[in-house]
Amino acid sequence: MGIMLRMAALLLFAASPAWSQDVLPDPDPIAADSPAVPEVPADPVAAWEADRTTILDAAEVDLEAFEYLARPLVVFADNPRQPQVAEQLRLIEADLNTLALRDVVVIVDTDPDARSAVRQTLRPRGFGLVLVDKDGRVTLRRPAPLSVREIARAIDRTPIRQEELRNGRSSTKAE
């Protein structure tokens with residue numbers, strides 16, 4: 001009876017989650033029967049091309065990589081808790097597909113101390129919304145949140161977008 005009791009205690013001890021994590025870490029945290037988690041590309045351009053509704057962190061982005069490919073829409077702030085940031089992201093997330101149809105890549109930079117390449121290039125002051133066209137020119141700069149409808153109108157007035165519409169090269173890859 002003593003051997004059975006010891007074996008049962010050993011089995012319970014071995015099955016304990018705390019013990020198994022400390023001594024025998026699972027090399028693959030995703031269980032074999034769980035759904036596969038899609039791999040996020042390390043390259044921001046590849047991440048955006050895989051899902052055009054992806055919102056990117058400015059620390060990872062080089063604006064020149066999106067030249068003639070996408071229109072960067074950058075949300076700047078001095079603090080991620082600024083109310084304008086929450087409002088702007090809410091407005092954007094409510095209609096990401098409209099932006100995706102216009103080849104817009106949304107980038108967020110709320111850490112001025114990080115001095116991202118995007119921040120150094122566009123030089124914002126406080127909260128700001130900056131739209132860069134495919135040729136690298138700034139086409140919109142606002143100190144307050146804008147609706148996606150207003151952003152789309154600004155895009156649709158640009159010469160590059162007008163040419164895309166005339167030539168039928170409008171993006172149709174909205175996710």
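User: What is the N to O distance in the salt bridge between the side chains of R161 and D156?

Analyst: This is a predicted model, so the value is computed from predicted coordinates. A salt bridge needs a Lys or Arg nitrogen within 4 Å of an Asp or Glu carboxyl oxygen. The side chains of R161 and D156 meet that way, N to O, at 3.2 Å.

User: Is R161 buried or exposed?

Analyst: Buried means under 20% relative accessible area. R161 has 5% relative accessibility, so R161 counts as buried.

User: And which class does D156 fall into?

Analyst: The partly exposed class lies between the buried limit of 20% and the exposed limit of 50%. D156 has 22% relative accessibility, so D156 counts as partly exposed.

User: Which residues do salt bridges with shared partners join into one network?

Analyst: R161 bridges to D156, and R161 also bridges to E164. Shared partners of this kind build one network. Its members are R52, R71, R102, D103, D133, K134, D156, R161 and E164.

User: How far apart are the closest N and O atoms of K134 and E164, and what does the pair link?

Analyst: K134 sits in the loop between β4 and β5 (138-142), while E164 belongs to helix α8 (residues 159-167). The pair thus links distant parts of the chain, 30 residues apart. Both K134 and E164 are buried. Their closest N and O atoms are 2.6 Å apart.

User: Which class of accessibility does Y68 have, and what is its phi?

Analyst: Y68 lies in the loop between β1 (55-57) and β2. At 60% relative accessibility, Y68 counts as exposed. Y68 is not a glycine, yet its phi is positive, at about 60°.

User: In what order do the elements run from the N terminus on?

Analyst: The chain has eight helices and five strands. From the N terminus on, their order is α-α-α-β-β-α-α-β-α-β-β-α-α.

User: Which element gives the most to the largest nonpolar core?

Analyst: That core has 20 residues, and L73, I92, L99, V106 and I151 touch the most other members. Two or more residues come from each of β2 (71-76), α4 (83-93), α5 (96-101), β3, β4 (128-132) and α7 (148-156). The element that gives the most, with four residues, is α7.

User: What share of the 175 residues is buried?

Analyst: A residue counts as buried under 20% relative accessible area. By that cut-off, the buried share of the chain's 175 residues is 36%.

User: Which residues gather in the patch of negative charge, and how accessible is D111?

Analyst: The patch on the surface comprises D57, E60, D111 and D113. D111 is placed in the loop between β3 (104-109) and α6 (117-122). D111 counts as partly exposed because its relative accessibility is 38%.

User: Which residues form the positive surface patch, and what is the relative accessible area of R123?

Analyst: R115, R123, R125 and R141 form the positive patch. R123 is in the loop between α6 and β4. R123 is exposed, and its relative accessible area is 66%.

User: How far apart in space are A42 and E60, C-alpha to C-alpha?

Analyst: A42 is in the loop between α2 (17-23) and α3 (44-50). At 79% relative accessibility, A42 counts as exposed. A42 and E60 are 18 residues apart in sequence, and their C-alpha to C-alpha distance is 8.8 Å.

Key: Residues are numbered from 1 along each chain as its sequence is written. This is a predicted model: local features need pLDDT of at least 70, side-chain atom pairs count only at pLDDT 80 or more; totals for chains, interfaces and linings use all residues. Side-chain values use heavy atoms; hydrogens and water are left out. Patches are made of residues with over 30% relative accessible area and no salt bridge: like charges are joined within 9 Å, nonpolar side chains (Val, Leu, Ile, Met, Phe, Trp, Tyr) within 5 Å. Accessible areas come from the Shrake-Rupley method with a 1.4 Å probe; for residues, only the protein chains shown count as cover. Lys and Arg count as positive and Asp and Glu as negative; His and the chain ends are not counted. The place of a charge is taken as NZ of Lys, CZ of Arg, CG of Asp or CD of Glu. Buried means under 20% relative accessible area, exposed over 50%, partly exposed in between (1.4 Å probe, protein chains only). A nonpolar core is a set of buried Ala, Val, Leu, Ile, Met, Phe, Trp, Tyr and Cys residues joined through side-chain atoms within 4.5 Å.
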